[in-house]
Amino acid sequence: PSPAGASPGPDSLNPFDRRLKRKQKNWAALQAEPTKCDYLREEVGGRIADRVFDITRTFPLALDLGSGRGYIAQHLTKETVEKLIQVDIAENTLKNAAESEIPTVRVVADEEFLPFKEDTFDLVVSSLRYVLTIYFPCPVCALQIHQVLKPDGVFIGAIFGGDTLYELRCSLQLAELEREGGFSPHVSPFTAVADLGRLLSRAGFNTLTVDTDEIQVNYPGLFEVMEDLQGKYILCMGESNCSWNRKPLLHRETMLAAAAIYQEMYGNSDGSVPATFQIFYMIGWKYHESQAKPAQRGSATVSFGDLAKIEGLLKRGKK
C-alpha cells in the first residue's frame, strides 16, 4: 500500500494527483475565515445526518470518511452514534475540526488505504470529499468501505453529480474554443448516477438506494462564481482541480468571453447567473442473513394481469 498522500503518477488509473490533493487540503485548512464558504458542505452534511436518523437504530461505532471539519458530525447525536472515528488525508483539516457531543477519535489516513480491520464499523458516512469521491467513483474506496463495515452495516454518502457547474463548464469550453482553438479541463470531472449503482454493487453492497438533489446559487456574474468556487473548493474543501491533465491558467480575453457567454446563455432576468450543484446521495448495506431477501422466482400468487381486477380482488378479500 502507498503511504498517505502518495501519488501514483500520471500513468496510473487514478486520474488525480493525490500528493497535490493532500497539499491543497493542508493549505486550505490554514487559510483565514474558511467558514464563509461552508454553507454547501454544511447543508449536505445535514441532509446526510437526516438519512442516518431515518434508520431506527443506534450505531455503536461510526466512521466519517473524509470528514473535513466535521460537517456531518455536528448534526448527529450521541443517542444515534455512540462513538465516531473521523478520517481525513490532511492533518491540518482534522486539527480544525469542530467539536461534537459524540466521543470522537481523529485519524490521518489515505482513504484508499484505511488502517482498520475488517468488520469494524456499524456505519460509514462520507460527504463531498475526494474519497469515493467528490467527483469520480473510486472502486478501491468502495471496496475499502465495504470491508470495514460489519455485516448489516450501512454506508451513506454524497458526491457531486455530473450536472454540477454545467453552466460554468460549458461557458469556459465555448470561450476557449473561440479564443484559443481548443479547451482543457478547469473543473475536475464529475460522475454519472448510473456509475454509482454499478460501483456499490460490484463492491458487494446490497439494498442500494441512489437519489439526486440540486442546489442552485445565484451570483452577479461569472467572476463572482469563480471567486466563490475558489473559496468553496480550495479554502473549504481543498478540492481545486488536480487532474493530471489540468491547465494552469485561463487568459484574460478567454475569461471575458466566457463571462459574456455565461450571461447570454444562462443569465437570469435580474442580471444574475445561476450555478447548479447536483448532489447524489447513496445508501448501501453489507449483507447479513437477517436482511430481507427477494422472493424466489415463480413464487408469486398474483399475476400482473390481475392488477386490472384489483378492486374486485379487494372486495372478495373483505368478504
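**Group meeting: cores, a helix face and a surface patch**

Hi everyone, let's start on helix H5, residues 166–180, where we find Leu174 (helices are DSSP runs of H or I, at least four residues, and strands are runs of E, at least two, numbered from the N terminus). This is a predicted model, so local features need pLDDT of at least 70 and side-chain atom pairs count only at pLDDT 80 or more, while totals for chains, interfaces and linings use all residues. Residues are numbered from 1 along each chain as its sequence is written, and side-chain values use heavy atoms, leaving out hydrogens and water.

Leu174 is partly exposed, at 34% relative accessible area (buried is under 20%, exposed over 50%, partly exposed in between, with a 1.4 Å probe and protein chains only). With Leu177 and Met265, Leu174 forms a nonpolar surface patch of about 250 Å² accessible area together (patch residues have over 30% relative accessible area and no salt bridge, with nonpolar side chains joined within 5 Å; a salt bridge puts a Lys or Arg side-chain nitrogen within 4 Å of an Asp or Glu carboxyl oxygen).

Now to helix H6, residues 193–203: Leu196, Leu199, Leu200 and Ala203 are buried. Seen down the axis, the buried residues of H6 fall within an arc of 90°, so they line one face (the arc uses directions from the helix axis to the C-beta atoms). They pack against helix H4 and strands S5, S6 and S7 (contact means heavy atoms within 4.5 Å). After H6 comes Gly204, with a positive phi near 110°.

Finally, which residues touch the most other members of the largest nonpolar core? Among its 46 residues, they are Leu123, Ile156 and Phe277 (a core joins buried Ala, Val, Leu, Ile, Met, Phe, Trp, Tyr and Cys through side-chain atoms within 4.5 Å). A second, separate core of 22 residues includes Ala203. Thanks, everyone!

Terms used. Patch = residues over 30% accessible without salt bridge, like charges linked within 9 Å, V, L, I, M, F, W, Y side chains within 5 Å. Areas by Shrake-Rupley, 256 points an atom, 1.4 Å probe, with all protein chains shown as cover.
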